[in-house]
Amino acid sequence: MGESSDQAPRRYSRRRLLLTGAAAAAGGAATVAIGGGVALAQGRQDAAPPALVDTATADTTPADTAPADTTVGVEGDGVAAGTIGSATVPFHGQHQAGITTPAQAFAAFCAFDLRKGVGAVRLAKLLRLLSDDIERITSGRPALGDTAPELAAAPARVSVTIGFGPALFDRVGMPGARPAGFADLPAFPEIDKLEDRYGGGDLLLQICADDPITVAHTQRMLLKDTRAFAAMRWVQRGFLRARGSGSEGSTPRNLMGQVDGTVNPTLDADVDRLVWHPGPGWFTGGTMMVLRRIRMDLNAWDALDRSGMEAAIGRRLSNGAPLTGTEEHDEPDLTATDATGLLAIADFAHLRLARGIGPPLQIRRRPYNYDDSPGSDGDSDVGQVFCSFQADIANQFVPMQQRLAAGDLMNAWLTPIGSAVFAIPPGCQPGGFIGEGLLT
Amino acid sequence: MTSAPASPHPGARRLRFVVVSLLMLLMTAALSALAPAALAHDALVSSNPVAGSVVATAPASIELVFNQDIKNFQPKIAVTITGHDPVEIVPTVNGPRVTADLTSVDLPGRDSADPVSWRVGYRIISADGHPVTGLLDFSVGSGPAPTAVIGTAPAAGGSTQAEPIPVADSATVNAGQSGDPTTSTRWWWIGGALVIAAAITAIVIASRRANSPADGPRVGS
């Protein structure tokens with residue numbers, strides 16, 4: 001970050017002031033409160049800078065962890081201000097980060113199952129721990145007890161988004177708190193070939209950053225917090241173009257080569273309506289995540305000529321423009337015919353079916369690519385970690401997926417092999433923790 | 001071109017290597033030029049009415065026959081009679097045969113007394129899952145075949161376009177279809193190959209001269 005450690009909290013407050021206005025005023029004091037509470041709960045060593053006046057220093061220091069003054073070392077390894085590595089995404093806010101945040105280049109989706117005997121009280125403890133460390137990590141400071149704090153020196157816009165699986169509410173004895181309409185997806189028998197190893201989970205940590213080391217190190221730190229409460233079920237890693245190698249703000253391409261994610265709500269009013277749960281109740285300001293692992297049969301896809309590829313998508317490969325337009329964001333004309341007299345955007349085109357008829361019920365898509373080659377058949381194992389956020393899965397995602405399952409020509413080359421859903425609680429303010437509305 | 005163990009001129013060997021490599025490249029390029037034809041997915045083999053033909057009366061059905069089986073996945077045919085809007089028809093699929101029964105279809109302009117051009121557009125999915133789009137024109141009615149088809153007249157005047165056309169090139173079709181894009185691509189390849197061949201010849205000649213100060217040619221000695 002290129003700044004001395006005792007400046008960090010003040011700078012953070014300034015940034016928050018810019019972003020959330022008056023709510024920032026209590027920032028400094030609240031940080032102290034979180035640090036104290038969490039450290040007491042966990043009994044860990046304090047690695048926070050002195051400016052935080054973290055009461056955790058009173059706790060015993062495990063022999064196998066580093067001495068407290070980690071920030072000095074971090075400063076020595078600091079990342080120059082104004083670089084990709086130094087950029088941060090605020091953790092606190094009405095909503096969690098990593099949802100409307102422009103997609104970072106790398107991601108790890110980590111799902112956990114709660115251990116036996118972990119109920120509401122212990123879950124709350126875990127979420128406090130996680131929230132505290134996420135707040136540190138996302139502001140460029142090491143997590144408590146970080147034995148390799150140098151690796152935390154480049155936040156690289158890291159964000160961590162916490163989610164709850166449908167079964168979690170039962171496990172902690174709060175089935176009534178499950179948000180309305182939040183449940184596992186129905187089966188899509190036409191297309192699904194789901195594998196258990198990429199499905200389900202009680203707890204999700206979506207870790208995103210513009211640096212893969214930051215993702216890995218954040219995962220390591222948060223796994224440390226989580227280990228006693230939950231066991232890792234699966235991890236799915238994804239990537240986009242490295243930050244700076246594509247033009248900023250452009251729609252990413254998937255590994256088939258298509259511009260993927262053109263239609264995404266961007267206006268605040270649309271995001272409010274389509275992404276954030278309107279409430280009432282603890283879930284107000286939360287959202288629901290659908291995570292589908294979709295394998296691409298690139299060998300078969302490669303046998304297709306470009307015009308066939310474009311017909312299947314309904315968009316041009318060159319710039320993502322609909323076949324009835326010239327620019328990516330041109331509104332597709334779903335009734336236009338071409339020289340053949342047939343619809344220019346075919347009935348089987350992905351674009352047409354994803355859109356549906358009537359007022360568009362968009363979702364916030366935030367997909368990543370994956371490449372885990374070789375697959376079990378000794379060939380490529382490539383695809384997409386499809387990730388979308390929507391206020392209501394049943395109303396927004398399911399009808400779209402049903403249309404696509406029934407008629408999308410792309411199904412010839414795409415196979416869903418993993419599926420999971422998570423309720424993403426609203427954000428928290430300084431002093432709070434993610435999920436506090438449910439558990440306090 | 002035996003690999004003489006005591007070839008006294010390493011330069012000549014190198015040149016030979018370069019020439020052989022370039023020739024292999026050239027052959028690869030030539031094969032690539034032919035590849036599109038070999039890899040062609042579904043293509044229309046025949047039709048009834050025949051593309052470019054003149055038939056006396058409006059056909060009761062349209063039959064398209066492809067070079068391989070067609071998937072029964074959202075097959076579509078559109079019939080456009082000049083001066084009228086296209087009418088979309090869901091044909092039946094039977095192996096490589098796609099048939100659209102027109103008897104119960106409301107086709108504006110079908111009963112025109114004057115000779116009139118028909119255009120049949122099709123979009124089908126081949127057995128290997130590839131979407132294939134194309135169109136063909138024919139004329140209905142006695143008398144001279146009309147030249148005006150939908151949009152501007154094709155270059156050939158006979159209004160035949162039975163080649164599958166890429167969907168993305170529909171704009172080109174609108175502007176006047178002037179030949180099979182696959183064919184033109186092929187000519188580019190062949191032209192390119194000839195240019196490369198000429199370049200190789202030039203290089204060989206130049207190298208020979210450079211490597212042969214006084215005692216004559218050595219390559220292939």
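How many bridges join S2(B) to strand S9 (residues 131-140) of chain B? There are 2 bridges, and the two strands run parallel.

## Model and numbering

This is a predicted model: local features need pLDDT of at least 70, side-chain atom pairs count only at pLDDT 80 or more, and totals for chains, interfaces and linings use all residues. Residues are numbered from 1 along each chain as its sequence is written, while chains are lettered from A and ligands numbered from 1 in the order in which they are written.

## Sheet in chain B

Helices (H or I, at least four residues) and strands (E, at least two) are DSSP runs, numbered from the N terminus. Strands pair if DSSP finds at least two bridges between them.

An open sheet of 5 strands in chain B runs S2-S9-S8-S4-S5, with mixed pairing. S2 (54-55) and S5 (87-89) of chain B are the edges; each has a single partner strand, so one side of each lacks a neighbour in the sheet. Val54(B) sits opposite Ser139(B) of S9(B).

## Helix H6 of chain A

H6(A) covers residues 212-226, 15 residues in total. Expected span is 1.5 Å times one less than the number of residues. That gives 21 Å, and the end C-alpha atoms are 21 Å apart, which agrees.

Its buried residues (20 or more other C-beta atoms within 10 Å of their own, with C-beta atoms placed from the backbone; exposed means 12 or fewer, partly exposed in between) include Thr214(A), Val215(A), His217(A) and Met221(A). The buried residues of H6(A) pack against S1 (106-114), H4 (120-138), S2 (159-164), S3 (203-209) and S4 (230-239) of chain A. Contact means C-beta atoms, placed from the backbone, within 7 Å.

Key:
Contact = placed C-beta atoms within 7 Å.
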